[in-house]
Amino acid sequence: MPTAVPPSSAEPPTTASSDLLLPGVVRVDRRAAPDRRGASEVADPEPRQRAAFRPDIEGLRGIAVLSVLAFHAAVPGFTGGYVGVDIFFVISGFLITGLLVGRPLGLVDFLARRARRILPAAAVVLVATAAAGGALLDPLRGTDLARDLIAAAGQYANWRFVGRQTDYLAAEHDPSPLQHFWSLGVENQFYLLWGVLLLGLARYLHGRRRTLGISLATVAVGGVSLVLCIRWTQTSAPFAYFSTASRLWEFAAGACAALLAGLAAGRRVDRALRLLGWGGLAAVVVPIFLYDRNTPFPGTAALLPVLGAAAVLLAGPGRALTATDAGRLLATRPLRAAGRLSYAWYLWHWPVLTIAQARYGTLPWTTLLALVAASALPAWLAMRLVEQPLRYGSSPAPRRGLAVGASALVIPLIAGLTLGGGTVRALGAADTPSVAPAGAVDGPSLLAPGTRVTGLTPSLARAREDFPPGKGCEIPLNADTSPRCLFGDTNSPDRIVLLGDSHAGQWISAGIAFAEQRHWALEVLVKPGCPLATLTVRNNVLGRTFDECDRWRENTLTRLATGPKPRLVVMAGLNRYGTREERTQGWSRTLDRLAATGAPLAYLGDTPMPGKDIPTCLAASDGRSDACFFPRHTAFEADPMLDGGLAARYGVRVVDVGPLLCPGSGPDCPAVLEGVVLYRDTGHITDTLARVLAPRLDKGLLRAG
């Protein structure tokens with residue numbers, strides 16, 4: 001589930017001319033702009049130039065946060081609510097640029113204000129999430145949460161989630177309760193970059209040169225970032241979504257609106273601004289209901305909400321709102337109330353949703369919506385008791401702000417380390433490789449006669465990391481050629497080729513075992529998420545058609561046809577791409593080309609698909625394997641190679657371990673068999689199991705022929 005960004009936490013700009021505009025959270029001179037708000041909303045402790053209050057920005061925040069919350073709660077219709085990320089980033093760029101351009105401010109003072117504004121409220125959520133996670137989540141999820149908490153407290157959560165989401169295997173894990181902190185990382189990285197850039201330009205340039213320099217820098221940064229965003233959306237959607245470089249153009253759009261606002265002030269352009277405001281509001285709202293998870297995002301699709309938000313910001317300065325202004329609609333009390341609470345509400349709602357679903361399973365949208373509404377209470381308390389007192393009641397001195405920020409960083413780090421230490425003690429060390437017990441050569445038993453396993457192997461601490469060797473052989477999603485990846489006797493003229501996707505890669509250890517026995521080489525040609533059957537698929541990690549897969553398949557089949565003939569080509573893969581008819585036709589096209597090489601062909605039937613994270617399930621049930629059974633009817637799909645006659649037609653040797661891993665005829669399949677943990681995630685077997693099955697595969701694939 002993609003997560004959106006917390007609302008802008010930027011402070012308002014103030015200028016001598018009052019041309020730049022103020023956000024909804026700025027304290028207002030009530031004589032200039034009457035406003036009914038809580039008694040706690042008092043004047044800033046530091047003196048400021050008087051400027052007009054912007055209730056429309058507060059309402060724009062309200063629309064953004066409500067759309068994001070509805071999207072996360074899976075409320076029908078709000079399929080594009082994630083565009084709130086763009087709206088908030090635009091607002092931040094608008095406000096921060098106005099602040100930096102419109103008043104003399106040192107970098108230390110600026111960073112101190114940012115720290116006091118953002119970090120304390122975030123720290124409270126991080127500590128509360130650590131406590132809730134330690135109490136309610138299983139130890140494996142707790143371990144992940146501890147790492148995420150350290151990344152979130154260190155303000156680099158976006159880069160952690162770039163790594164996790166671009167990793168094909170890691171992407172199968174459940175969403176983190178702190179995944180939404182990626183956006184705070186992006187925002188704080190933007191603050192640092194923008195503060196250094198604009199304050200540096202302001203120090204060395206003056207007058208028109210200063211304005212021109214800032215304008216050119218904004219356009220240049222925004223232009224480069226937009227190009228990167230569009231390119232990365234096509235090549236790696238997670239990188240485009242989470243990285244700072246691909247998001248800077250959205251802040252720059254808000255910055256441009258702030259710079260243009262001064263030019264519009266005082267000119268007779270009211271009618272044009274009203275039209276611009278309504279057009280911008282429509283551009284903001286339409287994607288909320290028009291976009292969905294299949295929309296390539298951010299990319300060019302983000303232009304609509306970004307430019308819309310910038311238009312709304314530009315349309316409101318320097319004049320009173322009338323009934324014909326879009327800002328008047330945004331300034332309604334419900335939207336402004338949501339906007340005032342937006343930062344805290346966003347921080348609290350996502351941990352509530354994810355921890356509840358980790359504990360109780362998938363919940364209906366009505367329950368999720370109720371949980372989102374309930375999260376408003378701790379959000380309101382945090383805003384009143386933490387956010388506002390520290391922001392407005394503490395000393396404005398930079399040293400005080402930096403001290404508050406440092407404390408807000410250190411305390412969550414301590415909580416993360418404490419949580420991580422507790423999960424390590426509960427699970428044990430994960431760095432000790434498991435020793436695979438002896439496997440049976442044939443028959444209904446998994447293990448060889450007389451072999452017994454006490455406890456679980458691999459251990460729960462190790463199971464998630466029980467990968468096959470040579471992970472680099474499974475090439476990245478955007479690559480279309482496999483490297484020379486050999487095991488065993490790499491100088492031998494005889495070789496076995498293991499060919500397919502990550503469900504082929506899970507058999508590398510078994511292949512090494514029977515290659516080494518014969519002093520042969522094992523060549524691994526594997527691309528995750530890419531069917532060996534000739535059919536085009538969509539890749540959800542990339543967010544588009546998997547063109548690299550088609551190119552890789554073509555390159556690999558050509559490589560086998562033109563190179564030395566292997567002693568055996570072993571094919572394997574996930575049996576869930578396309579429909580049964582598409583798989584049958586795709587396999588026929590691939591087998592035609594492989595058969596033409598003259599090499600003997602073999603096929604490993606796909607392993608059962610649990611559809612849930614087995615190590616996490618076992619950890620949550622204290623290792624009770626009977627708590628993690630999964631339905632037989634969802635574990636298998638019709639396989640054209642096994643029961644469609646293709647293997648017989650092309651003379652392919654077949655080994656099917658499905659009946660061994662899901663024995664009998666009952667309704668469920670086990671997650672643990674004879675003490676061996678079968679799966680390392682939602683669908684891949686553990687490397688321990690692959691080594692246990694090596695003697696069985698050796699007999700079925702090689703000794704028979």
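Predicted model: local features only at pLDDT ≥ 70, side-chain atom pairs only at ≥ 80, totals over all residues.
Let's start inside a helix. Thr 233 sits in helix α7, which covers residues 207-235. Is this threonine buried or exposed? Its relative accessible area is 6%, so it counts as buried, the cut-off for that label being under 20%.

What does Thr 233 touch, once you skip residues up to four places away in sequence? The list is Ala 240, Pro 296, Phe 297, Pro 298, Gly 299 and Leu 542.

## Two cis peptide bonds

Two of the names from that contact list come back here. Phe 297 and Pro 298 are joined by a cis peptide bond, with omega at about 10°. If you want to find Pro 298 in the structure, look in the loop between α10 (270-290) and α11 (303-315).

Another cis peptide bond joins Thr 457 and Pro 458, and here omega is about -5°. Pro 458 also belongs to a loop, the one running between α16 (398-427) and α17 (460-463).

## The disulfides

How many disulfides does a search of the whole structure find? It turns up 4. Number the bonded cysteines of the protein chain in sequence order, and the pairing reads 1-2, 3-4, 5-6, 7-8.

Take Cys 530 and Cys 549, whose disulfide has an S to S distance of 2.0 Å. The angle about the S-S bond is 80°, and the link is right-handed. This pair connects distant parts of the chain, 19 residues apart: Cys 530 is in the loop between β3 (521-526) and β4 (538-539), while Cys 549 is in helix α20 (residues 547-562). Cys 530 has a relative accessible area of 0%, so it is buried. Cys 549 comes in at 1%, so it is buried as well.

## Two left-handed links

Next up is the disulfide between Cys 617 and Cys 628, with an S to S distance of 2.2 Å. This link is left-handed, with -105° about the S-S bond.

Cys 662 and Cys 669 are buried.

## Positive phi angles

His 519 has a phi near 60°, which is a positive value in a residue other than glycine. You'll find His 519 in the loop between α19 (508-517) and β3. Why does His 519 count as exposed? Its relative accessible area is 56%, and the exposed label applies over 50%.

Glu 674 has a positive phi as well, near 55°, and is likewise a residue other than glycine. Its place is the loop between β11 (672-673) and β12 (676-677). At 35% relative accessibility, Glu 674 counts as partly exposed, because that label covers values between the buried and exposed cut-offs.

How values were computed. Residues numbered from 1 in each chain as written. Heavy atoms only, no water. Helix = DSSP H or I, 4+ residues; strand = E, 2+ residues; numbered from the N terminus. Buried < 20%, exposed > 50% of the residue type's maximum accessible area, 1.4 Å probe, protein only. Contact = heavy atoms within 4.5 Å. Disulfide = S-S within 2.5 Å.
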